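Thanks for sending this one over.

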Amino acid sequence: MSATGGDDQTLVQGVARGEPSALEALYRRHSPRLYALLLRMLGQGGDAEEILQESFVDVWKRAGEYRAARGAVEAWLITIARSRAIDRLRSRGARLRLVREREQQAPDGPVTPEPPDVHAHTRLRRALDALPAEQRRALELAYWDGLSQREISEQTGDPLGTVKTRVRLGLQRLADLLAG
Amino acid sequence: MLTEAPVTHAEFLEQVEAYALGALEPDQARAMAAHLAEGGPHPECEAALRRAQETVAALASDLPPVVPPARVWQAIAGSIGPAAEPTTGERRRRPLPGWVYGLAAAALLLLVLGFLRYQAVSSSEAMARAAQAQCARELADAHVDLLRKEDALKLLVESGTQMVSLARQPAAPPGQTATGVVLYNPRGRALLVGQRFPSDSTHDYELWVIRDGPPVAAGLIPSTPDGQVLTDFRPELLTSGRPGAFAISIEKKGGSTTGSPGTVILVGQLGPR
């Protein structure tokens, strides 16, 4: 039976069985958000398209490895896409310099339509705003720029141990705030 | 500090947030992955990873979605094997600039809508030209998803595709003006391209595939604000041989509950190839 109309887990099961239609349904459902994320991380210029493509080919090959116990399908997809995007960022080199240059400029996100979920937007913004600034910055450097904790330490001049603590506490606090 | 040496539960839990963020060095990340893969189960570690990954995923939730260019899916379909690959397409990473597909998609709708209008209005050439002009105006206002149009275009130009005209049935209610064609390809795809399927809070339109026996339900038609539809017949019904006909019925909300069509409004016979 085709999985094209099912929930995410059913679709992943369909992909694992080798159903292209299930992969296409998964792509139609999640690619706009993943592409927005990749554009934000990698910028315009084709890398976001390539990584999106590679990520779904990866999903096609690895769907059988998906474990619901380790997270929702969307989180799994984001993990795959971000992992590839981080590899791409790290292969570019000179990232720290680019990050410094970019931080001196105004934020420049992709041109996109209105947010579809105002409540999620508000909830996330409030949660991020509630974090101590240094924790928020550590998370943002890791999330959007793909910096490792060591690179964040180099970027900010803070000791590595301090960065690790900020990353750990920041994400834990964020999880609490989003759940509350 | 984590190294490539095996990671303990305590070390995993200490670094799980950085792992989920992708903020570990590659050798550290490999050690974390190895911990989950070996000597399991690790329910506490998996639960912590789930929480961290879902929090990481939430960090992207305020990004407005951006629909990727159609060429991305085409490249994916070309990469995963013949089953998902257009039969006429080459395996190309970036087949054509996006604007080419947009233009071609517009041409598809113009073609199909023109065909429909031509059927509905007149067989005269002059009327057909007028209908085409009207279609062009309608096209300018159309809000059908570009990806779906491009997908339909691929199907239209694919080797073996037939265009099946749907004929209005006597049982159709007087005010019912829905019309359409089915793009059928023997590799197992049938796509309804239709218009004037108004959304209705009490009724649904249902697709049917007719082969040798009784009609088989093939899915509900999603309602759209402008009444234009591009929707697939259930693909699993198309893999066991060539259908004889396609039909569309009007059903109570949710579709037929009897397994048989209600009021059949459109039928199209699939001719020999």
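Predicted model: local features only at pLDDT ≥ 70, side-chain atom pairs only at ≥ 80, totals over all residues.

1. Chain A has another make-up: its secondary structure consists of nine helices and zero strands. Of its 180 residues, 42% are buried. Among the contacts in chain A with a separation of 6 or more, 60% are between residues 24 or more positions apart.

2. Now to where the chains meet. Chain A puts 57 residues into the contact and chain B puts in 41. On the side of chain B that touches chain A, the elements giving two or more residues are helix 1 (9-21), helix 3 (43-58) and helix 4 (70-79) of chain B. Helix 3 of chain B gives the most, with 11 residues. By type, this side of chain B holds 27 nonpolar, five polar and nine charged residues.

3. Helix 4 of chain B deserves a look of its own. Is this helix mostly covered or mostly open? It is mostly covered, with nine of its 10 residues buried.

4. Helix 9 (residues 160-179) of chain A packs on helix 1 of chain B at an angle of about 80 degrees, and their axes lie 9 Å apart. Helix 9 of chain A is therefore roughly perpendicular to helix 1 of chain B. From helix 9 of chain A come K164(A), V167(A), R168(A), L171(A) and Q172(A), which meet E17(B), A18(B) and L21(B) of helix 1 of chain B. The residues of this helix contact divide into four nonpolar, one polar and three charged.

5. The largest nonpolar core has 75 residues, and L38(A) and A142(A) are those with the most contacts inside it. Helix 2 (residues 20-42) of chain A supplies the largest share of this core, 13 residues. Setting aside neighbours within four places in sequence, L38(A) is in contact with A48(A), I51(A), L52(A), A81(A) and A85(A). Another core, of 34 residues, lies apart from the largest one; among its residues are L183(B), A190(B), A217(B) and I221(B).

6. Last, consider S31(A), which sits in helix 2 of chain A. Why does S31(A) count as buried? There are 26 other C-beta atoms within 10 Å of S31(A), and the cut-off for a buried residue is 20 or more. Beyond its neighbours within four places in sequence, S31(A) is in contact with L52(A) and P68(B). S31(A) and L52(A) are 21 residues apart in sequence, with 7.6 Å between them in space, C-alpha to C-alpha.

Notes
Residues numbered from 1 in each chain as written. Chains lettered and ligands numbered in written order. Contact = placed C-beta atoms within 7 Å. Helix = DSSP H or I, 4+ residues; strand = E, 2+ residues; numbered from the N terminus. Nonpolar A, V, L, I, M, F, W, Y, C, P; charged D, E, K, R; others polar. Buried ≥ 20, exposed ≤ 12 C-beta atoms within 10 Å, placed from the backbone. Axes fitted to C-alpha atoms, helices over the stretch in contact; angles between N-to-C directions. Parallel < 35°, antiparallel > 145°, perpendicular 65-115°, else oblique. Core = buried A, V, L, I, M, F, W, Y, C linked by C-beta atoms within 7 Å.
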